[in-house]
Amino acid sequence: MGKKLNIGTVLILLAGILWGCMGLFVRPLDGKGLSSLDMVFLRALLTAVFMGIFILIKDRSLFKIRLKDCWCFLGTGLFSIVFFNICYFYEITLTSLSVAAILLYTSPAFVMVISAFCFKEKLTSRKILALLLSFAGLIFVTGVAGGGERITFKVLAIGLCAGLGYALYSIFGRYCLDRGYNTYTISFYTFLLAAVATLPFAGHGEIVRVCTSSLSSIAFTVVFVFVSTIIPYLVYTAGLKTVENSRAAIIASV
């Protein structure tokens, strides 16, 4: 008999699938005039609002965090969510989506190496093989291998920064979990800080116009936030409770 499938693995697979559906929402919003930073702010703000309402109803004690642990939430909110998005969206302006995707998905390698130092996770041959296979698969899927695209030092540096920022959610999220924080608490403060950080750069009037122009627009925005952000980040963080960071990062690349 083989090993039973870990529920944490299922949760991380679900998160990866939902993140992969993001383009279904981003393209229509982009077509209506929202910039990338507008969408980052929109996702962060509404996630914080919905999570805050949920915590108010469920258990207000989940709002409590210790002052000495604030750095963990700064890590998930600013160094991961904001830093990753800024680098990734800038990367898209410098090169093709295929190259940007390849460089973004160097993140499992960052997670693997950082987790080995910070959490003493073992760098096994199976993990390295899985990492190489997933990266090779991404190269084939995006078509970069036969595209003959030239990658400059600037493109490489910004892309690797995006991959690092993406990886840091797993790292700082693990620190939050190890300190006993609930997944709801982690998600709320992560996106509250991300919303505050991106507030000055968002086109607030344009966001309101696009997202409230009709009942269908409001419904579309709510579904976008739940499918692309609230549900995947909740289930991914919950999955980290039972799955190593390095394995989680590779699984999420589904």
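Here is a quick tour of this protein chain, from its overall build down to one helix.

The model is predicted, so local features need pLDDT of at least 70 and side-chain atom pairs pLDDT 80 or more, while totals for chains, interfaces and linings use all residues. Residues are numbered from 1 along each chain as its sequence is written, and side-chain values use heavy atoms, leaving out hydrogens and water.

The protein chain has 12 helices and zero strands (DSSP runs numbered from the N terminus: H or I of at least four residues for helices, E of at least two for strands). Its radius of gyration is 18 Å, close to the 18 Å that the globule rule gives for 254 residues, so the chain is as compact as a globular protein of that length. That radius is taken over C-alpha atoms, and the rule is 2.2 Å times the number of residues to the power 0.38.

| Property of the protein chain | Value |
|---|---|
| Span of the C-alpha trace along its principal axes | about 50 × 45 × 40 Å |
| Accessible surface (Shrake-Rupley, 1.4 Å probe) | about 12900 Å² |

Of the 254 residues, 44% count as buried, meaning under 20% relative accessible area with a 1.4 Å probe, protein chains only.

Now for helix α10, residues 204-211: which of its residues are buried? They are I207, V210 and C211. These cover an arc of only 85° around the axis, which puts them on the same side of α10; the arc is that of the directions from the helix axis to the C-beta atoms. Their cover includes α2 (23-31), α3 (36-58) and α11 (215-239), judged by contact, or heavy atoms within 4.5 Å.

Key: Buried < 20%, exposed > 50% of the residue type's maximum accessible area, 1.4 Å probe, protein only.
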